[in-house]
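Visitor: I would like to know how the labels put on a structure follow from its coordinates. Please take me through them one at a time.

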Amino acid sequence: MMRRAVAAALAASVLLAMPSPAGAWDPFDSDEDGWQQPPAAPPPPDPAPLIAPPPGVYYVTDTYVADVVTSEGPLTTYTTTTVHESTGSYARVLETVGTGDTSAFDSEAFNGRRTLGDGRAVAGTYYENYVLGDAGFLPVSIVFFQDDAELARAIWGPPVPPGTSPGGGEPGSSGSSAEPSTSCCPALPLEPGGTLIEPRDDRAGPPGGRTTPPDRRAPAAPIPVRPGVSLLPASPPVGSVEVLRGRPVTLWLRAFAGDREVPVRSWTLLSGESGRALATAGTGAAPFRAAWERLAPPDRAYVLRFRIEVDTRATGHAFVDMTIAVTVRSPALES
Amino acid sequence: MNALRDDRGTAAITTIALLPLLLVVLAGVLQLGALRVAVTRVRAAADLAALVAVNDQDDTELARSGALHLSGDAAAVAREYLARELELSASLLAGSADEIARAADIAAFVAAPAFDERTGARYERPTVRIAAEVPLRTPVFGALVFRPVTTVNVLAVSSPR
C-alpha cells in the first residue's frame, strides 16, 4: 500500500510540475478570451526579384513579322505585319517620324526604312527592343514599323476625251482633284507626259476650289506580274538558293507589277522535291518553309515550281508560275 | 658446359640475351601505336572544328545573293572548336589545347573561288582551312633516346559540297 501511495504521489507531482496548455485554437472564437492565434507562416519569398520596367518600356505582345508593301490600283500602302505572340521581350517607342523626315535611327533599324517612289523615306515609328537579363533591361535591336501610303504615277491609259465616258458626268462632279488629297502624299511630281492618278476621294479639293474634269480614262491592260522568291520578306529576289543540309529555310513568294510589289493572295507548290516542308500551299502572308535532308544528285539541284495567285486592280486576277533551284549542300572534308 | 651443349639451355641463354632488345622493340611498337591513335584523334578534332566552322554561315549574305557565304567569325569559331576538341585529348598533348589552337594557322575563305597560299590549293566554295602543329607526348620514345615530344602537323579543310 505504501508503494502505491508513493507512486501515486509521484505521478501527481509530475503532472502538477509540468503543465502545458492545449495548443488547440478555435477559429470561430474571438481573440478577446485571451487565446492568441497561431502565428501565420511567413509568405514564401519571391523566386526572383521583380524588376519593374522603366517608364515607357512595355511588355511586347505583338511581334514584328515583316514589312508589307501593297498596291491597290494607284495607291501603295506601306504597313507592318505583326503576330500576336509574346517572346518575353520589352520595347519602347524611340521616335515617330513623318514622311520624308530624317531620324537618327534611320541606319539603326535592322529592317531598314523604305522610301516612297519619289525618294522620301516612309513614315512610321522606331521601337527599341529589350530583353530582361541579370543586369536589367538590355537593348537588343531597333525595329521600324512603317505606316505610310502614296499615290502611284500613271498606271492607267491615256485620257479619254470628255463626254465619251459611260457616266457622262459634269466637270467637277466627281470631286477629284489634280493634286493628291491624301495627307500622306503631298504634291507628288508629275512625270513628263504622264498623269498623276489620285484615289477616289470625296474630300474637298485644294484651296481655291480648283477642280479638274472627272476621271474619264479607261483602265489600261493589266500589268504583267513578275514573280520572285526571296529568303527574307524584304530582301531581293533570288533565282537560286544554296542551303545547308537539314537547315530550315524560309522562302517568301512574292510578286511584282512594274516597279511595285503587289500582294500575293496564295501560293501552291506544283512540283519539285519539297523536303521536309511545313506546307505545300498557303497564303501570301505565310512563307514556304522546308528543310532538305537529302542531297541532290551531283551537279544537280532541286527545282521547285510554284504557282502564285495575285488579284489587284493593277494586275487583275492572275496566276503566275515560277521556279527556283535549291542546291542542298553539306559541309564536307576536302582531301 | 652442359647447358651450352643442351638445346634448351641455348634457347634460354638466347632469350635472356635478346630479352632487353625484344622489350625495347615491344615498347617502341606500343608507343608507335599510341602515337597513331593520338594523331587520329587530333586530326578528328581538326576535322570536326573545320566542319563546325563551315556551318557558320552568313544568313544576311545568303538572303541577298542566295549563295552560301561563310560568316565573318568562321575562323574564330574554328579556333574555338579546335581548342574544345583538343581538350578532350589533353592527356595526349604536350601543351595546352588553348595554346595549340591559338598558334594554329586557321583561314576562312569567305568567298569562292579562293587560293590558299599555304597549301597552294584552289577552293571552289567557301572553305575553312586549319593547319596546326600539335605536340604529342611520346615518353617511351624519350626513354629510347628519341624525343619525348613528337610534333604532328595536322591539316583540315572543309567546305560545303
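Guide: This is a predicted model. A place to start is a pair of strands in chain A: S9(A) and strand S16 (residues 316–329) run in the parallel sense, with 5 bridges between them.

Visitor: What makes S9(A) and S16(A) a pair?

Guide: At least two bridges are needed for two strands to count as paired, and S9(A) and S16(A) have 5 bridges. The name therefore applies. As one point along S16(A), A:Val326 lies opposite A:Val241.

Visitor: Which sheet do these strands belong to, and in what order do its strands lie?

Guide: The sheet is an open one of 5 strands, ordered S9-S16-S15-S12-S13 in chain A, with mixed pairing. From one strand to the next the twist averages 25°.

Visitor: Why are S9 and S13 of chain A said to stand at the edges?

Guide: S9 and strand S13 (281–283) of chain A each have a single partner strand, so one side of each has no neighbour in the sheet.

Visitor: What is the make-up of chain B?

Guide: Chain B has 6 helices and 5 strands, in the sequence pattern α-α-α-α-α-β-β-β-β-α-β. Of its 161 residues, 32% count as buried. Among contacts in chain B with a separation of 6 or more, 59% are between residues 24 or more positions apart.

Visitor: Why is B:Ala78 called buried?

Guide: Burial requires 20 or more other C-beta atoms within 10 Å. B:Ala78 has 29 such neighbours, so B:Ala78 counts as buried. B:Ala78 is in helix H4 (residues 74–87) of chain B. Beyond four places in sequence, its contacts are B:Ala49, B:Ala50, B:Ala53, B:Ile106, B:Val128 and B:Ile130. The buried residues of H4(B) also include B:Val77, B:Tyr81 and B:Leu82. Among the elements that cover the buried residues of H4(B) are helix H2 (7–54) and strand S4 (127–137) of chain B.

Visitor: How do you know that the length of H4(B) agrees with its number of residues?

Guide: At 1.5 Å a residue, the 14 residues of H4(B) should span 20 Å, and the end C-alpha atoms are 20 Å apart, so the two values agree.

Visitor: What is the confidence in chain A?

Guide: The mean pLDDT of chain A is 73, and 69% of its residues reach 70 or more. Over residues 153–216 of chain A, pLDDT stays under 50, and the model has 94 contacts beyond four places in sequence for that stretch.

Technical notes:
Residues numbered from 1 in each chain as written. Chains lettered and ligands numbered in written order. Predicted model: local features only at pLDDT ≥ 70, side-chain atom pairs only at ≥ 80, totals over all residues. Helix = DSSP H or I, 4+ residues; strand = E, 2+ residues; numbered from the N terminus. Buried ≥ 20, exposed ≤ 12 C-beta atoms within 10 Å, placed from the backbone. Contact = placed C-beta atoms within 7 Å. Expected span 1.5 Å × (residues − 1). pLDDT = per-residue confidence, 0-100. Axes fitted to C-alpha atoms, helices over the stretch in contact; angles between N-to-C directions.
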